[in-house]
Amino acid sequence: MAVSSSHSIRTCFQIKPKSQSFGLEKRVFGLPVLQHGVVCVGKKLRAKVGTKVEAVQVGLEGPETLTDLKGLGRALGLDVVSEMELREKGFLGLRKTKLVCTIGPACDSLEDLEKLVLGGMNVARLNMCHNTREWHRDVIRKIKKLNEEKGYSVSIMIDTEGSQIHVVDHGEPTSLKVQEDSIWLFTPEKFEGSLPFTVQAKYEGFSEGIKVGDELLIDGGMARFKVIERIGSDLRCQCIDSGLFLPCAKFSFWRDGKLVERNQELPTLSTKDWSDIEFGISEGVDFIAMSFVNDAESVRHLKDYLTIKSLKSIRVLAKIESLEALQKLEEIIEASDGVMIARVDLGVEIPLEQIPTVQEEITQMCRQLNKPVIVASQLLESMTEYPTPTRAEVADVSEAVRHSRMETWSRVENRQDLLQLRQLGVSLPDRIAEQICNSAVGMANNLAVDAIFVYTKHGHMASLLSRNRPNPPIFAFTNDESTKMALNLQWGVTPLLVHLSDDMESNISSTINLIKSKGLVKDGDTVLVVSDVTPTRSTPMAVQSIQVKTIA
């Protein structure tokens, strides 16, 4: 028998139904409860909040326990890669920053996808701008096959094409080298395949308001043209700065060193985007990234649509890639489940020298609002041709990681105070949850525990812990598959899919037993446990607790 010492702090409040009919309109910690009113008595709360020391058996005893443990072993959702990393490096050696990899034809075989997984891929991104529907379906099913057969846990993201107002295509399957002084025709006329020195604009009114002498930039400066003649809706342009011209490239017009702003009223999601979203729903993807988001309403509209149409919870990420999005940044972040900073497209619309500052500001706001943020585009661009990155690219990746931790030259306590200025919760239960997680991370850091265990249904408590950037890793136990896959984007969180009962102490003991049996924790390890017991009809007392357990 193994006994662990345990210290716990618990917050309790009771859910009292006003009648025997049970409504679902009220929620506690984001979950429906069986009542019409929530009562949390101020002075009486003291009687229900306390600190106590207790001994909890977390070892193996008897044949029945061993049988249960085998069943739990089958249910443990710790992915193979995280388990290998944990065995090799220990708790504090676990990687906390997550990796999103864009899949293309160069790496779409089952063998190459598995290499990416073993290399650390947490989320596989599919850009719906490219390739066929059949190709995307094949890649999705290969990733799911790896998850099911090999024990990996890679989430799947599709990225919508977005409005085609900013897109031109030369028709070739690969990049073209544009020579200086060459003359090109940009036209909205439709044609199949490719024509020499001819580029098809995806939007018929792409040249409206454009004058001779304006400059046309491809992908923020990969190549540069000057408008030398207007022919109806067509533009004849001369290359003034040679470079690479990618298929389905983004473009922008500049005049006298300033972006030519054009406010065509086009929907954020095109007809093709809605078709791709239906495809994503049918294939069971975990994330949908919306391109060219300009307001929060479009994000809310998609989330409402997914709630109705999808049986599983699909998270919506807003891509920040336009000036309009920056002007409404906070409301877009609040409406979304996360953000992607599309630096190439953003660099089309703002001066290049502003990109680092904007990237840092978006990252910090996402952390303040408790939303995951992806820094995307050209992080390791040279490695498409060379086996190692440039020194500048290494510094760029390091800077992106530093921004996600919000590490500055200020003192640690000042950074913590900065976070505490932004209170997220509105209701009392949400504020309690937030304060418990803030306090738990402070305790974990001060006590130098080896890991944080959190038991969560929808991932909210895990995200609140992640927001505080604790030193030890966070292991999030959930019984919801979509929550597990969504937590793959949360900094420092390793999600595990397990069976959770209404008895939280039983959940804690059984999961510690299981992890110990697999050799992932050892005697003397200390873990901080944060739990959120959802009130039920049979147990109407909601209990949140912080416990510190020493494995013995």
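## The largest cavity

The largest cavity comes to about 230 Å³. Here a cavity is a set of points, on a 1 Å grid over the protein atoms alone, where a 1.4 Å probe fits but cannot get out; points are joined across faces, edges and corners, and the volume is the space filled by probe spheres set on them. This is a predicted model, where local features need pLDDT of at least 70 and side-chain atom pairs count only at pLDDT 80 or more, while totals for chains, interfaces and linings use all residues. Residues are numbered from 1 along each chain as its sequence is written, and side-chain values use heavy atoms, with hydrogens and water left out.

Who lines the largest cavity? There are 18 lining residues, with Asp79, Ser82, Glu85, Arg95 and Asn122 nearest the centre (lining means having an atom within 4 Å of a point). Two or more residues of that lining come from each of α3 (80-89), β6 (121-127) and β24 (493-497); helices are DSSP runs of H or I with at least four residues, strands are runs of E with at least two, and both are numbered from the N terminus. By class, the lining splits into 8 nonpolar, 6 polar and 4 charged residues. Overall, the structure has 3 cavities of 30 Å³ or more.

## The second largest pocket

Now for an open space: the second largest pocket holds about 1,200 Å³. A pocket is an open set of points with protein on both sides within 12 Å along at least five of seven lines. Its lining runs to 40 residues, and Lys303, Arg315, Asp337, Lys371 and His458 sit closest to the centre.

Which element gives the most to this lining? That's α7, with 5 residues. At least two residues each come from α7, β19 (315-320), α9 (329-335), α14 (428-447), α15 (460-467) and α16 (481-486). Sorted by class, the lining of this pocket has 14 nonpolar, 14 polar and 12 charged residues.

## The chain as a whole

The protein chain carries 17 helices and 26 strands. Of its 552 residues, 51% are buried (buried is under 20% relative accessible area, exposed over 50%, partly exposed in between, with a 1.4 Å probe and protein chains only). Among contacts with a separation of 6 or more, 68% join residues 24 or more positions apart, a contact being heavy atoms within 4.5 Å.

The accessible surface is about 25,900 Å², and carbon and sulfur atoms own 53% of it. The areas come from the Shrake-Rupley method with a 1.4 Å probe, and for residues only the protein chains shown count as cover.

## Aromatic pairs

There are 12 aromatic pairs. Rings of Phe, Tyr and Trp (its six-membered ring) pair if their centres lie within 6.5 Å; planes under 30 degrees apart are stacked, over 60 edge-to-face, and the rest tilted. One of these pairs, tryptophan 184 with phenylalanine 245, is tilted, at 6.2 Å centre to centre and 45° between the planes. Tryptophan 184 is in β10 (residues 183-187) and phenylalanine 245 in β15 (residues 243-245), so the pair ties together parts 61 residues apart in sequence. Tryptophan 184 is buried at 7% relative accessible area, and phenylalanine 245 is buried at 0%.

Tryptophan 274 and tyrosine 305 make an edge-to-face pair, 4.9 Å centre to centre with 65° between the planes. Tryptophan 274 is partly exposed, at 25% relative accessibility. Phe91, Phe453, Tyr455, Phe475 and Phe477 form one aromatic cluster.

## Loop residues

Most residues other than glycine have a negative phi. Aspartate 181 has a positive phi of about 75°; this residue is in the loop between β9 (176-178) and β10 and is exposed, at 51% relative accessible area. Arginine 469 has a positive phi of about 50°, sits in the loop between α15 and β23 (474-478), and is buried at 13%.

Glycine 492 is in the loop between α16 and β24 and is buried at 6% relative accessible area. Leaving aside residues up to four places away in sequence, glycine 492 touches Lys96, Lys98, Pro473 and Ile474.

Definitions and conventions: Ala, Val, Leu, Ile, Met, Phe, Trp, Tyr, Cys and Pro count as nonpolar, Asp, Glu, Lys and Arg as charged, and the others, Gly among them, as polar.
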